[in-house]
Amino acid sequence: MNLQETLSHQVKKAVNELFGATLESVELQSTRKEFVGDVTVVIFPMLRVVKGNPVQIGEQIGQYLLENIDVVKSFNVVKGFLNIEIEDAHYLKIFETIKDNESYGFAAPQPKDKAIMVEYSSPNTNKPLHLGHIRNNLLGYSVSEILKASGKKVYKTQIINDRGIHICKSMLAWKRFGNGETPESSGLKGDKLVGNYYVKFDQEYKKEIQELVAQGKSEENAKKQAPIIIEAQEMLQKWEAGDVETVALWEKMNAWVYKGFDQTYKNLGVDFDKLYYESQTYLLGKEFVVEGLKSGVFFKKEDGSVWCDLTEDGLDEKIVLRSDGTAVYMTQDIGTAIQRVKDFPDVGGMVYTVGNEQEYHFQVLFLIIKKLGFEWAKNLFHLSYGMVDLPSGKMKSREGTVVDADDLIVEMAKTAEEISEELGKLEGYSDAEKQELYKSIGLGALKYFILKVDPRKRILFDPKESIDFQGNTGPFIQYTYARIQSILRKSDLNAVIDIQDIALHGKEKELIKQLLLFPEVIQNAADNHSPALVANYTYDLVKEFNSFYQNVSILGAENDNEKAFRVALSNKVAVTIKNAFGLLGIDVPERM
């Protein structure tokens, strides 16, 4: 049993022996810094089964723990809180077991456990990735890594929205106005080139609407009758009919986009195990609608459309097949989920990283799959996240006012360069080393700023605020890691330590206690699908280290044994920072 389990067990025994009562659970928390102690037993919940004064109850339980647990050094009671101080030897003993474990905190996968598939990114092929996609990618990638660290097998995937009217808009605009322009002839990334034609379509569409309105048409009719939108709709029909010329243009322009996406993903540091394409999945799901009709999950209306009645579940009726027999998004999402489990039979759950405007869609999707009788439906999760705004306001793709992901990555590196040069921290670096460091700091700042916030919250992203070498930022944590590496370069990391001969300084004890939280933080972050828990834990660890660094001499310790211990403790902090930041997809520079 670990310390928490031992304390819980002994508190339950104490309550039983002292008061003749049975406790179902014991509430433990870290002792607040203004009080003496390491672990606090909360007495108030016990008052449901133990009648009396909470202070007196706490005193009696504290005395019992002091007499029955070797590592309990002392206790004190403040109102309804029993604060327990643990012997230094306990923390030293645990530190000795973890100090050389490079993967400390990570759980090994269990062979019988089902895998989890995490979907993220899932862009449209009519435009480049933008700031909203960045939050999506960073969340999906980080949650995948955290789930792996918690002991799960994970498959990373995306479904690329490569068909539909929006794709045809870019295709038609290129056909009309492109004059054969290619990524090679223009020097543009393929996704940017195609995105430019999506914007061009919108500009021409608006012109035609204005012309029709000037001729006396209502705006509503003008939007339907504009020649360019009619031609785009005809192009979609040709694509669905397999028209050779249309399909060839679609394949060519999508290939440009994929090449561009790959470059952005590489720059952002995210990857995938399996790609799905909507052009290959949009017909999936119909067979399950037929099955669902037979089993009573779905019903048919007079016009021939098929629906699922979810009113008893607090929702409404949802269409799954139009009267003309064509599928809706819900149909293909049902089919795609089932197809994924066919492709990966060891998958027992899925995480969908999609913005919070789709919450209702996923409520319905998960409920329908459950009603269809799939056991894994109970392990479906919508990783819902808020939008990202900039100080300048919202983004609109079709108007060309989005914040391009590639441009933002470049801007972050430039901002890191400006701030680093102002601070004058880079003496003795070659130009290549500087550029690599600027990119690392810039990306680290971007990723940390986004991931430290609870996914459900909306973010106002300020690039300059994110690149600060003080406070709860990526660069501050990276700088602390680099500072520790500087200490390690001046010391002997392999020196032998006599743990029995160490008298713990209060700052050393606090640092070890913070390190011991890491495995629990990973599990909580996995359970809650929240990289913010890992990010903010890392910041707390760094704050604790900096307090230790300012109050305790590491290389100037009184004797070699003390020095070796403090160096080993600093190294363990550095390894934990690196591992935690790895779960967020953030690099840590060796020098800054």
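Visitor: Where is Ser122 found?

Guide: Bear in mind that this is a predicted model. Strand S5 covers 115–119 and helix H4 covers 131–149. Ser122 sits in the loop between S5 and H4.

Visitor: Is Ser122 buried or exposed, and what is its relative accessible area?

Guide: Ser122 has a positive phi of about 45° although it is not a glycine. The cut-off for buried is under 20% relative accessible area. Ser122 is therefore buried, at 17%.

Visitor: And His529, which has a positive phi too: what is its relative accessible area?

Guide: His529 isn't a glycine either, and its phi is about 50°. You'll find His529 in the loop between helix H20 (518–528) and helix H21 (531–551). His529 counts as buried, with a relative accessible area of 13%.

Visitor: What does Gln10 contact, leaving aside its neighbours within four places in sequence?

Guide: Gln10 has its place in helix H1 (residues 3–19). At 12% relative accessibility, Gln10 counts as buried. Its contacts, with those neighbours left aside, are Tyr64, Leu65, Asn68 and Ile69.

Visitor: How are H5 and H7 oriented to each other?

Guide: The axes of helix H5 (residues 165–177) and helix H7 (residues 190–214) come within 8 Å and cross at roughly 85°. Angles of 65 to 115 degrees count as roughly perpendicular. That is why H5 and H7 are described as roughly perpendicular.

Visitor: How many nonpolar residues does the contact of H5 with H7 have?

Guide: On the H5 side, the residues include Leu172, Ala173, Trp174 and Phe177, while H7 brings Tyr197, Tyr198 and Phe201 among others. There are also two polar and five charged residues in the contact. The nonpolar count is eight.

Visitor: How far does H7 reach from its first C-alpha to its last?

Guide: H7 has 25 residues, and 36 Å would be expected at 1.5 Å a residue. Gly216, with a positive phi near 105°, follows H7.

Visitor: What about helix H12 and helix H13, at what angle do their axes cross?

Guide: H12 spans residues 286–295 and H13 spans residues 329–343, with axes that come within 8 Å. Lys286, Glu287, Phe288 and Val289 in H12 meet Thr331, Ile338 and Lys342 in H13. The contact divides into three nonpolar, one polar and three charged residues. The axes cross at roughly 100°.

Visitor: Which residue in the hairpin of S8 and S9 takes a positive phi near 95°?

Guide: Two bridges join S8 to strand S9 (residues 306–309), and the two run antiparallel. Lys300 has Val306 in S9 as its bridge partner. Five residues lie between the strands of the hairpin, and the one with that phi is Gly304.

Visitor: In S10, what is the bridge partner of Cys308?

Guide: S9 is joined to strand S10 (residues 317–321) by four bridges, running antiparallel. The partner of Cys308 is Lys318.

Visitor: Is Phe299 buried, exposed or partly exposed?

Guide: Phe299 is found in strand S8 (residues 299–300). Its contacts beyond four places in sequence include Val306, Trp307 and Cys308. At 29% relative accessibility, Phe299 counts as partly exposed.

Visitor: Last one: how many residues of strand S12 are buried?

Guide: Strand S11 (residues 347–355) runs parallel to S12, with six bridges joining them. Met350 stands opposite Leu380 in S12. S12 (residues 380–385) is largely enclosed by the rest of the structure, because the buried residues number five of the six.

Methods:
Residues numbered from 1 in each chain as written. Predicted model: local features only at pLDDT ≥ 70, side-chain atom pairs only at ≥ 80, totals over all residues. Heavy atoms only, no water. Buried < 20%, exposed > 50% of the residue type's maximum accessible area, 1.4 Å probe, protein only. Contact = heavy atoms within 4.5 Å. Axes fitted to C-alpha atoms, helices over the stretch in contact; angles between N-to-C directions. Parallel < 35°, antiparallel > 145°, perpendicular 65-115°, else oblique. Nonpolar A, V, L, I, M, F, W, Y, C, P; charged D, E, K, R; others polar. Expected span 1.5 Å × (residues − 1). Pairing = 2+ DSSP bridges.
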